[in-house]
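Biologist: Let's read this structure together, feature by feature. Where shall we begin?

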Amino acid sequence: MENKRIERHPILPVPDREDILFTFNGKPLHAKKGEMISSALIANGINVFGHHHKDGSAQGIFCANGQCAKCTVIVDGIAIKSCMTAVTPGMEVFSAEGLPELPEDGGKPERQAIEELETDVLIIGGGPSGLAAAVELGKRGIQTLLIDDKHALGGKLVLQTHKFFGSEEDSHAGVRGHDIGKLLAAELASHPSVEVWLNSTAIYVFSDQKVGILKDGVYKIVTPKRILNAAGAREKFLRFSGNHLARIYGAGAFQTLVNRDLVRPTQRLFIIGGGNVGLIAGYHALQAGIEVVGLAEAMPRCGGYKVHADKLARLGVPIYTSHSILSANGNETVESVTITQIDDKFQRIPGTEKSFDCDTVLIAVGLDSLSEFTQQALDAGIPVYAAGDALEIAEASSAMFNGKIAGLSIARECGHPEVGEVPLEWLAKAQVLKSHPGAIKDYQDELPEEGVFPVIHCLQEIPCNPCTTVCPTNSIHTEDGSLMALPLYDGSCIGCAKCVLICPGLAITLVDYRKDPENPTITMPYEVFNIPRKVGDALELVDIDGNDLGSFAAVSVVEMKDRQTQLVRVQVPRAIAKKVASFRIQAAQVSQPLPEPIFNEKPADDAMICLCEKVTVGRVRSLIRSGITNLNHIKAITRAGMGPCGAKTCETLIKNLLREEGIPVEQVVPNTKRPVFVEVSLGKFPQGGSDE
Amino acid sequence: MNKVYDVVVIGAGSIGLPASLELALKGLKVLVLEAESSPGQMNNKKAIGGVRATHSDFGKISVCQRSIEIMKHWQEEFGDEIGWLSNGYSYPAYTQEDEASLKNLMQTQHEFGLNIRWVEPDEYNELVPGVNMKDLRGSTYSPEDGSCSPLLLGSAYFFRAQKAGVDFRFNEHVTGFEFDGPRISKVVTDKGSYAAGTVINASGNNAREIGALAGVDLPVFPDNHEAGITEPVKRFMGPMVVDMRKRPGSSNFYFYQHIEGPVIFCITPDPPILGVDNRSSSVFLPLCSKRMLEVLPRLRHLKVRRTWRGQYPMTPDGFPIVGKTGGNLINAVGMCGQGFMLGPGLAELLARICLDELQPNDERILASFDLSRDFSGMEAFK
C-alpha cells in the first residue's frame with residue numbers, strides 16, 4: 001500500500017495520531033483520525049476522486065478549501081466535499097462517478113428555531129489581518145465575533161513554515177508564519193470580549209442586515225453593527241491546454257495538503273508563477289521531500305522577493321524566467337508539463353518548448369481580493385471595513401499591520417474616541433509593508449578579508465529588517481535606516497550568527513578568517529534537514545545565483561533547536577569565501593527535460609475556461625467575437641460560472657480573455673454575485689440543526 | 001441616430017425578444033430598445049423555467065399551448081439547445097378544499113381540451129418519489145406541461161432575431177415619445193430618436209413608466225419573489241410540484257428538477273414585497289427550504305448553489321394586459337411572473353395585431369387581457 005505521509009518535517013511537528021480504517025470503493029485503507037477524507041485518500045496515493053458528469057474527466061483535489069466541488073466523493077449515498085469532511089472509522093467512501101443520486105430516505109428533520117445573535121463587530125476571517133484587528137478590539141473590551149471557516153485560527157499563516165519578513169516590532173519578522181498565527185491566537189484568547197467561532201463560514205450578508213453563518217454545520221443568523229472583511233483572497237487560474245487534468249491546483253491547496261495535513265500529494269512538482277507564493281511553495285515542497293522539477297515565470301524576472309528565488313535556485317531548482325506553460329499532458333492526471341519561452345509580448349517563441357516529467361502542476365499566478373462580503377455589506381447598508389488580502393493583495397506582515405489599523409478605526413467608531421486618528425507614520429508604514437520589491441543592487445563594498453563578518457546576500461530592496469534589530473553589537477543597518485533599504489554591515493562582528501539565524505531569506509553567511517585566513521570558515525543556515533547533511537558530507541557549494549563553486553566537506557553541522565535552523569560550516573579557499581551562499585541539495589537530473597517536447601501546434605482553445613461546467617476557451621472566444629461581452633450573458637449561454645464554485649475561477653479567466661480580444665475592462669459587465677458563498681444543504685436552513 | 005422602423009419594441013426580455021423575431025419574420029423592420037447591456041438581463045433570466053398551459057382562462061391557456069408547441073419543437077427545427085423537458089406540472093392537494101377546487105378547475109381545463117388528470121397518492125409517489133404522503137389526497141398531473149431554459153431560449157431568440165434583421169440597441173433608455181395626433185411618431189431615448197410605425201411596450205417592470213410617457217395608465221406593479229437552484233443530481237422526480245397552501249410568510253411555492261439535474265425552487269411571499277429590490281434577504285432560504293422539505297423530505301441532502309431575486313410585474317387581477325391603446329401603441333405588459341411561458345405564443349399574436357391579421361380566437365384571447373376590463377376578478381392559480 002502506498003504511504004504518502006510526511007513522516008519527518010524539518011519545521012513542523014508530526015503529531016502521533018490514531019490510525020483508523022475506512023474504505024474507498026470497497027478497498028480498506030488507513031487514515032489518521034480527524035483528517036479530511038481528501039487527505040486520507042491522497043495519503044494512500046489516490047488522486048482521482050471521481051469523474052465529471054459532462055465529459056467524464058477525472059476529478060481530484062483543486063481548492064482544498066471547500067470553495068469548489070472537484071473533490072466530491074459519495075459517503076452514505078450523499079455527495080460531499082472530501083476536503084471539508086473528516087474521515088471517521090469505518091466510513092465507506094465511494095468515488096463520485098457522474099451525477100450523484102439523491103438518496104431516497106429523507107428521514108424526519110428536527111425543527112429548531114434558527115439562533116439569531118447580535119454583535120457590535122463581526123470579523124469575517126481569522127487570518128493575520130482579522131486576528132490583528134480582533135486583538136485591538138479585544139483590548140478595548142468591544143464586543144466582537146470573529147468567524148473563520150477552518151478548525152484553527154491563523155488563516156494562511158498556519159501553512160507557512162518559513163520565517164517572516166517585515167519588522168520585528170510590527171509584524172513578528174523572523175518568526176515562522178505558523179508560529180505567528182499561534183502567537184496572535186494566544187493573545188486574542190486573553191480578551192474575553194472577542195468570541196471566536198471556528199468551522200464557521202459566512203454564507204452571505206443579506207439585505208436585511210443579517211449575516212447567515214454556517215457554524216459547525218448549524219445555520220445561524222448574526223446581526224452585526226459593523227463588519228470587517230478579513231476573508232483573504234482567492235487564487236487565479238490559467239488557461240492552457242490540459243488545464244482540466246487532475247493534479248493541477250493552486251498553492252493554497254498544496255500548502256494545505258503538505259503543511260496542514262502532512263501528506264505528500266506529489267513526488268515531482270512543477271510550479272507556474274514566480275511570485276512569493278510560487279517560490280515559497282517550491283521551498284515548502286523541498287521541505288516535504290518533494291522533487292521540484294522547475295519553476296516557470298512569465299516575466300523576465302521573478303515577481304517575488306529575490307531572496308526567495310535565490311534560495312530555490314541555490315538548492316537546485318531551475319527557474320525559467322520569460323517562460324509560460326504551454327500544456328499539461330496526460331490521460332486523466334498530469335504526466336508531464338510543457339513550457340515555452342515567450343517574447344516581450346508574451347507570445348510563444350517556437351522551438352523553445354521543453355517538456356518535463358512531473359505528476360503535479362502548481363499554479364501560483366496571483367491572487368484576487370475576496371471582496372464579496374464588503375460589497376454585500378455596502379449593499380445592505382452595514383458599515384464595513386476591509387483588511388489584509390481582502391483589501392489589497394500583499395504580504396502577511398502587511399495584513400497584520402493594516403488589520404491593526406482597521407481594528408483601531410473600528411474601535412474609535414464604537415465609542416472609543418481615545419483611540420484618536422491613526423498616526424500618519426502608521427499609514428506610511430502600512431504603505432511600506434505592502435511594497436513590491438524594489439531595486440536590485442550590488443554587494444556592499446569589499447570588506448577587508450580579516451576577522452569575522454557577515455556577508456549579506458540580500459541585494460533587493462524589500463520591507464524587511466530583523467537582521468538590523470538582532471545584532472548584539474548593533475553593526476547591521478539598512479542604508480538609510482528605512483525598512484525597505486538594503487542591510488549593510490559596518491562595525492564589529494563577534495561571530496554570534498544571530499543574523500544568520502533570523503534572516504527570513506536565508507541570505508546571510510558568516511565568513512571567519514580568524515582560524516585560517518587562507519581557508520576561512522563559512523557558516524550557512526540550513527532548513528531542509530529532512531535531506532540531512534552531516535559532518536564530512538561533500539557539499540556542492542553555490543553562489544547567490546546557484547552557480548557552482550565546487551565541492552567541499554561540511555566541517556560542522558549544529559542544530560539550533562529554538563530557531564529550527566541548522567548552521568552548516570565549511571572551509572573554503574579565500575578566493576570564493578565571500579561568494580559562498582549555500583549548497584545544492586537537489587540533483588541536476590531531477591530537472592532534466594524530456595528528449596522531445598510534447599505539445600500540440602494548435603492554439604490552446606481547447607483549454608477549459610470553466611472547469612465546473614466544462615466550457616472551453618474557444619467557445620467563449622467565439623461568443624466574444626460575435627459581440628457578447630457581458631459576463632452574465634456569457635454565463636447564460638455557456639453556463640460558465642454556474643457551477644459549484646460560483647464563478648470564483650472562471651470570472652478572472654474570462655476577463656483576461658476579453659482583454660486579449662481587445663475589449664476594454666471598463667466595458668465588461670461583471671458577473672452578478674449572489675448568495676450563497678459556498679453550497680449548503682437545504683436541510684441546514686429550516687431547522688437550524690445538523691441534518692445528520 | 002435617426003432611423004425609421006416599422007416597429008420599435010421597448011424591452012429585450014421575455015416578450016420583446018420573441019416579438020421582435022416574429023415581426024422581422026413577417027418582413028417588418030424592427031428595432032429593440034433595451035436599457036440593460038444585454039438581452040434577457042431583467043426578469044427573463046430570473047424565471048425558473050416552468051411552462052404550463054394548465055391555466056384557468058382561455059387567454060393564457062391558448063397562448064401557453066402555443067408557447068409549448070414552439071418550445072417543444074425548437075431544437076429539431078432550429079438546432080439550438082433550449083433545455084425543453086416535457087416533465088409536466090402537478091398540484092398536490094393536502095386538504096379537502098384544495099382537492100375540491102383543483103378538481104373543479106380540472107373540469108374547466110378539460111373543456112379547453114387540456115391534458116390534465118387526477119392521480120391518487122400512490123401514483124403521485126411514483127411521479128415524485130418520496131413525497132410526503134401524510135394527508136395527501138392526490139394531485140393534478142398535466143404531462144404535456146414542462147420546463148425550458150429562459151437563458152437559452154432568450155439567447156436563441158436574440159440570435160435568430162439578429163439574423164432576421166432586427167436592430168438591437170442596448171444601454172439605451174426610453175425617455176419619451178413624440179406624437180402626431182394620437183399616434184406616436186417617434187420614440188425618444190437618451191441617445192437618439194426613432195420614427196416608428198408601431199410601438200410595442202414590452203418593458204416588464206417599467207411598464208407603468210413607459211405607459212405614462214404615452215399618457216396611458218397601466219396598472220402594473222412589480223413585487224419581489226426569490227428563487228434558488230441546487231447542485232445537479234440524477235433525474236429522480238418528474239413534474240413541477242406546486243404547493244398552493246398558505247403558510248406564515250408565504251402563499252404558494254413550487255419546485256422542479258431541471259433538465260440538467262438541479263432542483264429549482266421559488267416562493268411567493270405573503271404579504272407581497274412590493275417594489276423592485278434585487279438584493280437577497282435572510283428570510284428566503286429558511287422559509288422556502290422548510291416548505292420544500294415538508295413536501296419532499298429527501299431534498300434536505302441537496303446543496304443550494306445559488307439564490308436570486310426577481311419581480312413579478314403584477315396586475316390587480318393576475319392577468320396580463322395586452323392590446324392596442326391610442327393609435328399605434330401595443331402594450332404587452334403585466335405578465336405577472338409568466339412572461340417567459342407566455343412570450344413565444346404571445347409574440348405571434350403581437351405580430352398579428354401589428355399586421356391586422358387577427359383571427360377569431362385572438363379576439364377572444366385579447367378580451368381577457370384587455371386594459372379596459374374592471375380587474376376585479378382573480379386568477380385561480382397563480
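Modeller: Start with one residue, and keep in mind that this is a predicted model. B:Asp135 has 10 other C-beta atoms within 10 Å, so it counts as exposed.

Biologist: Where does B:Asp135 sit in chain B?

Modeller: B:Asp135 lies in the loop between helix H4 (121–127) and strand S6 (138–142) of chain B.

Biologist: How do I read its backbone?

Modeller: Begin with the general rule. Most residues other than glycine have a negative phi. B:Asp135 is not a glycine, yet its phi is positive, about 70°.

Biologist: Take A:Ala647, which also has a positive phi without being a glycine. Is A:Ala647 buried or exposed?

Modeller: Buried. A:Ala647 counts as buried because it has 24 C-beta neighbours inside 10 Å. Its phi is about 70°. The residue is in the loop between helix H15 (631–638) and H16 of chain A.

Biologist: What about peptide bonds?

Modeller: Most peptide bonds are trans. Look for the exceptions. In chain B, a cis bond joins B:Asp270 and B:Pro271, with omega about 0°. B:Pro271 is in the loop between strand S15 (262–269) and strand S16 (273–274) of chain B.

Biologist: Which residues does a cis peptide bond join in chain A?

Modeller: A:Pro675 and A:Val676 are joined by one, with omega about 5°. A:Val676 belongs to the loop between helix H16 (650–660) and strand S36 (680–681) of chain A.

Biologist: Now sheets. How should I read one?

Modeller: Strands of a sheet pair through backbone hydrogen bonds, either parallel or antiparallel. Then ask for the strand order. In chain A, an open sheet of three strands runs S19-S20-S21, with antiparallel pairing.

Biologist: Why is one side of S19 and of S21 in chain A left without a neighbour in the sheet?

Modeller: Strand S19 (323–329) and strand S21 (354–357) of chain A are at the edges. Each has a single partner strand, so one side of each has no neighbour in the sheet. On average, neighbouring strands of this sheet are turned by 25° against each other, direction ignored.

Biologist: How many bridges join S20 to S21 in chain A?

Modeller: Four bridges link strand S20 (residues 336–341) of chain A to S21(A), and the two run antiparallel. For a residue pair, take A:Thr338: its bridge partner in S21(A) is A:Ser355.

Biologist: Let me step back to whole chains. What does chain B contain in helices and strands?

Modeller: Chain B has nine helices and 19 strands. Its C-alpha atoms fill a box of roughly 65 × 40 × 40 Å along the principal axes.

Biologist: How do I judge its radius of gyration?

Modeller: Compare with a globule. For 382 residues, a compact globule would have a radius of gyration near 21 Å; chain B agrees, because it has 20 Å. Of those 382 residues, 54% count as buried. Look at contacts too. Among chain B contacts between residues at least 6 apart in sequence, 72% join residues at least 24 apart.

Biologist: Which domains make up chain B?

Modeller: Domain 1 takes 2–49 + 151–219 + 317–368, and domain 2 takes 85–146 + 221–314. In contact are 13 residues of domain 1 of chain B and 14 residues of domain 2 of chain B. On that contact side, domain 1 of chain B has six nonpolar, six polar and one charged residues. The centres of the two domains of chain B are 30 Å apart over C-alpha atoms.

Biologist: And what is the assignment for chain A?

Modeller: Chain A has domain 1 (1–104), domain 2 (116–233 + 369–433), domain 3 (452–591) and domain 4 (605–692). The centres of domain 1 and domain 2 of chain A are separated by 31 Å, over C-alpha atoms.

Methods. Residues are numbered from 1 along each chain as its sequence is written. Chains are lettered from A and ligands numbered from 1 in the order in which they are written. This is a predicted model: local features need pLDDT of at least 70, side-chain atom pairs count only at pLDDT 80 or more; totals for chains, interfaces and linings use all residues. Domain bounds come from an automatic or database domain assignment. Two residues are in contact if their C-beta atoms, placed from the backbone, lie within 7 Å. Ala, Val, Leu, Ile, Met, Phe, Trp, Tyr, Cys and Pro count as nonpolar, Asp, Glu, Lys and Arg as charged, and the others, Gly among them, as polar. Two strands pair if DSSP finds at least two bridges between them. Axes are lines fitted to C-alpha atoms, for helices over the stretch in contact, and angles run from 0 to 180 degrees between N-to-C directions. The radius of gyration is taken over C-alpha atoms; the globule rule is 2.2 Å times the number of residues to the power 0.38. A residue is buried if 20 or more other C-beta atoms lie within 10 Å of its own, exposed if 12 or fewer, and partly exposed in between; C-beta atoms are placed from the backbone.
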